[in-house]
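Visitor: I would like to learn how to read a few features of a protein model. Could you take me through them slowly?

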Amino acid sequence: MPSGLKVEYAASGRAACRKCKNKIDKDAVRIGVVTQRDDFDLVAWYHLDCAPKKRGGGRDPEEFEGYEKLARPDREALERVCSASPTPKRPKVSADEPPKDALNADHPEFEEIYGKYAKLSIPELKEHLAANGLPKSGTKAHLVETCVDGELHGALPLCPLCGKGQLRRLDGADKGTAACPGYWDEEAGTRRMCAFKMPVDKVERRRWRDASEGPPPEPAQAGASLDKVDASDFAGLGPREKADKLAGAARAAGLQLPEDEAKARVAAGTALNATKTEDGDDDLDAALKELARKYPPAQASGGLKCGHPDNAKICELLKEYGDLMEKAGKDVFAVRGAKTALAALMVLERPIKSAKDLTGKSKVAGVGKGTADKIQEIVDTGTFEKLEELREEMKNM
């Protein structure tokens, strides 16, 4: 008999859902039903939408081990699943009967586009999502809905705040909101939460790519080109020297490799080993692209995209402060508070000229007195004391 429940972000894409038999993508939310054996625990994994329901009604989401570690959008999704009626019927997917209550059902081209994707198999739908760099987990109804939304409006981009999490459109009462669930930090070996949310109609979307176009291009780099690596620079080098050389090329291309040289060398060496040709030779270009996938470049120069361009410098300094606090291992609640405030400021569509623009009748949810004081310092001096202290602290670490 099941003895426990857990919820977490899939650490890899190897496990298959016990119900639908499809793989659960890495970083997708998965439900684990734990059964105790004599000397070990057996875990059956499910997609969030495929998880078995409790007989007689819903269950408390706090019954799930790991619930508190989920990003807010994913906690809300789990709460909706827990409150749903037991064993609900899956949404019907029929090209001849587009659902009247579906996302985008009021769009004039909805029926035509829905019919196009409803005819496809799950593997074919996943090819379209992969071509746009989007998550491929969920039921067929969910995959069709994501493809239809993408073709009608464009593919949702990476989060403009953290630059790594994939924005997703919330459902239910929040279907007009796009949110970032966070991302897996390879260097730290932990999941980083992100508080970014904004109206989905304000999101600058990417062109929707057809499956025939193949995987999306590598992310735009901040520095040198990722196209080619000069193989002659690596001739005669040993494995360690090659890894160091590749790490240097990756940093020159703006990739965010670990600051620790040993960790950067390991990352580069791993990429070299993972991309060797069938003959065992190094494929330097493929290795650099593999590093770009794991350690994407910082956002291109020009700063964060804010609701009002005059707020860009304030947001950039607050983002640096939050990132440094996270790297320094500061209190997790302080880090979360800083990111929540930044997320609110990034979508603010009026200029911030002083702390008074954030208090009283102009109060911005998520921005407290501490953040308002820091903003006043930025307006007055171009920086703020706590950021300068943290910069010095990080130099000495």
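Visitor: Is Cys315 buried or exposed?

Guide: Buried means under 20% relative accessible area, exposed over 50%, and partly exposed in between, with a 1.4 Å probe and protein chains only. Cys315 has 0% relative accessibility, so Cys315 counts as buried. Keep in mind that this is a predicted model, in which local features need pLDDT of at least 70 and side-chain atom pairs count only at pLDDT 80 or more, while totals for chains, interfaces and linings use all residues. Residues are numbered from 1 along each chain as its sequence is written, and side-chain values use heavy atoms, with hydrogens and water left out.

Visitor: How many disulfides does the structure hold?

Guide: A disulfide is a covalent bond between the sulfur atoms of two cysteines. Taken as a pair of cysteine sulfur atoms within 2.5 Å, the structure holds zero disulfides. Cys180 is in no disulfide, and its nearest cysteine sulfur, that of Cys162, lies 3.8 Å away. Cys180 counts as buried because its relative accessibility is 1%.

Visitor: Which residues does Lys339 touch, apart from those up to four places away in sequence?

Guide: Contact means heavy atoms within 4.5 Å, and on that basis Lys339 touches Leu161, Met193, Ala195 and Glu326, not counting residues up to four places away in sequence. Lys339 counts as buried, at 13% relative accessibility.
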